[in-house]
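Please find my notes on this model below. They cover helix packing, one surface patch and charge pairing.

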Amino acid sequence: MARVLIIGGFLAVLFWVYSIVDCAVQPAERHRGVSKAKWVLIVVLLPVIGGILWFAIGRRRPGHDDSPLFRPDDDPEFLRGISRKEQDARIKQLEEELARLDDETDGTDNRP
């Protein structure tokens with residue numbers, strides 16, 4: 001029984017330290033609810049429960065939050081927010097990517 005408690009305590013400490021480090025190194029915009037300093041304080045003061053709260057509700061994951069990192073080009077609000085120069089650069093980048101992909105598929109055509 002003592003062995004189980006020692007291993008459990010060790011795992012709890014590892015989880016606690018991992019939670020503190022993860023919370024501290026995340027950019028401030030990836031913290032949900034309260035500020036970064038308050039999340040670090042919550043995780044430090046409530047060792048296991050704070051870590052569970054951090055991973056369950058405090059941490060935003062890229063692409064799974066209220067303000068996604070990628071906005072589709074057909075979103076009128078997004079398009080109004082970027083300048084004509086940025087639009088032209090984006091179109092040029094997409095055209096280059098399409099040309100590169102087209103060249104790759106031309107080289108792998110296995111017709112008899």
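The numbered points take these topics in turn.

1. Basis. The model is predicted, so local features need pLDDT of at least 70 and side-chain atom pairs pLDDT 80 or more, while totals for chains, interfaces and linings use all residues. Numbering runs from 1 along each chain as its sequence is written, and side-chain values use heavy atoms, without hydrogens or water.

2. Helices are DSSP runs (H or I, at least four residues), numbered from the N terminus. Axes are lines fitted to C-alpha atoms over the stretch in contact, with angles from 0 to 180 degrees between N-to-C directions.

3. Their contact (heavy atoms within 4.5 Å). Trp16, Ser19, Ile20, Cys23, Ala24 and Val25 of helix 1 meet Lys36, Trp39, Val40, Val43 and Val44 of helix 2. These residues divide into nine nonpolar, one polar and one charged.

4. Helix 2 and helix 3. Here the axes come within 5 Å and cross at roughly 140°. The pair is therefore oblique. Helix 2 contributes Trp39, Ile42, Val43, Val44 and Leu45; helix 3 contributes Pro47, Gly50, Gly51, Leu53, Trp54, Ile57 and Gly58.

5. Surface patch. Leu41, Val44, Leu45, Leu46, Ile49, Leu53 and Ile57 form a nonpolar patch of about 640 Å² accessible area (Shrake-Rupley, 1.4 Å probe). Patch residues have over 30% relative accessible area and no salt bridge, and nonpolar side chains are joined within 5 Å. Helix 2 and helix 3 (47-58) each supply at least two of the residues.

6. Salt bridge. How many are there? The count is one (Lys or Arg side-chain nitrogen within 4 Å of an Asp or Glu carboxyl oxygen). Arg59 and Asp22 meet at 3.0 Å, N to O. The pair links distant parts of the chain, 37 residues apart: Arg59 is in the loop between helix 3 and helix 4 (76-81), Asp22 in helix 1.

Definitions and conventions: Nonpolar A, V, L, I, M, F, W, Y, C, P; charged D, E, K, R; others polar. Patch = residues over 30% accessible without salt bridge, like charges linked within 9 Å, V, L, I, M, F, W, Y side chains within 5 Å. Parallel < 35°, antiparallel > 145°, perpendicular 65-115°, else oblique.
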